[in-house]
Amino acid sequence: MARRRREYWKYAEGRWPLLHNLMAVHFHEDFDIVYGSLEGAINDATSSGPLEHRKAVIQEWRDWNLSEGVKDDIRPFLHDGFGVAVLLRKPIDGRNFMNRIYDDLIAGVRAETGKHWG
């Protein structure tokens, strides 16, 4: 199990470095202590950082979604590849979690630029 986790971690870190960093920094074991709640972690993850950085994260999210996001249950990859420690009870919870991050990133970029982006 530890070997698979290391392999997923390295793979995610190499292929989607910005998205990997965002997930590992904001949704680790102590996210609720650091950010107060899951909502606080999501808000910080999707609104902090320069505009161009957030646009680049969106692009990585799209690439991730085209490859890993098509699976029925993405929770193992979220846990092992991105280090997400959020309790996601059902496969749909994993999907909703990732879609919420994407939607909030898009909304923030649109609000900041005043344009339809995405």
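**Ground rules.** I am working with a predicted model, where local features need pLDDT of at least 70, side-chain atom pairs count only at pLDDT 80 or more, and totals for chains, interfaces and linings use all residues. Residues are numbered from 1 along each chain as its sequence is written, and side-chain values use heavy atoms, with hydrogens and water left out.

**Entry 1: H1 and H2.** I looked up helix H1 (residues 2–15) and helix H2 (residues 17–26). Helices here are DSSP runs (H or I, at least four residues), numbered from the N terminus. The axes of H1 and H2 come within 5 Å and cross at roughly 125 degrees. Axes are lines fitted to C-alpha atoms, for helices over the stretch in contact, and angles run from 0 to 180 degrees between N-to-C directions. H1 and H2 are therefore oblique to each other. Oblique is what remains after under 35 degrees (roughly parallel), over 145 (roughly antiparallel) and 65 to 115 (roughly perpendicular).

I then listed who touches whom. From H1 come Trp 9, Ala 12, Glu 13, Gly 14 and Arg 15; from H2 come Pro 17, His 20 and Ala 24. Contact means heavy atoms within 4.5 Å.

**Entry 2: Arg 15 again.** I found a salt bridge between the side chains of Arg 15 and Asp 63, at 3.2 Å, N to O. A salt bridge is a side-chain nitrogen of Lys or Arg within 4 Å of a carboxyl oxygen of Asp or Glu. Arg 15 lies in H1 and Asp 63 in H5, so the pair ties together parts 48 residues apart in sequence. Arg 15 is partly exposed at 34% relative accessible area. Asp 63 is also partly exposed, at 30%. The cut-offs are under 20% for buried, over 50% for exposed, and partly exposed in between (1.4 Å probe, protein chains only).

**Entry 3: Glu 60.** Which helix holds Glu 60? I found Glu 60 in helix H5 (residues 51–67). Glu 60 is buried yet has no salt bridge; the nearest side chain of opposite charge, Arg 15, is 9.3 Å away. For charge, Lys and Arg count as positive and Asp and Glu as negative; His and the chain ends are not counted. Leaving aside neighbours within four places in sequence, Glu 60 contacts Trp 16, Pro 17, Leu 18 and Leu 19.

**Entry 4: other pairs.** The structure holds ten salt bridges. I noted Arg 100 with Glu 39, at 2.6 Å, N to O. I also noted Lys 71 with Glu 68, their closest N and O atoms 2.6 Å apart. Glu 68 is buried at 10% relative accessibility.

Note on methods. Helix = DSSP H or I, 4+ residues; strand = E, 2+ residues; numbered from the N terminus.
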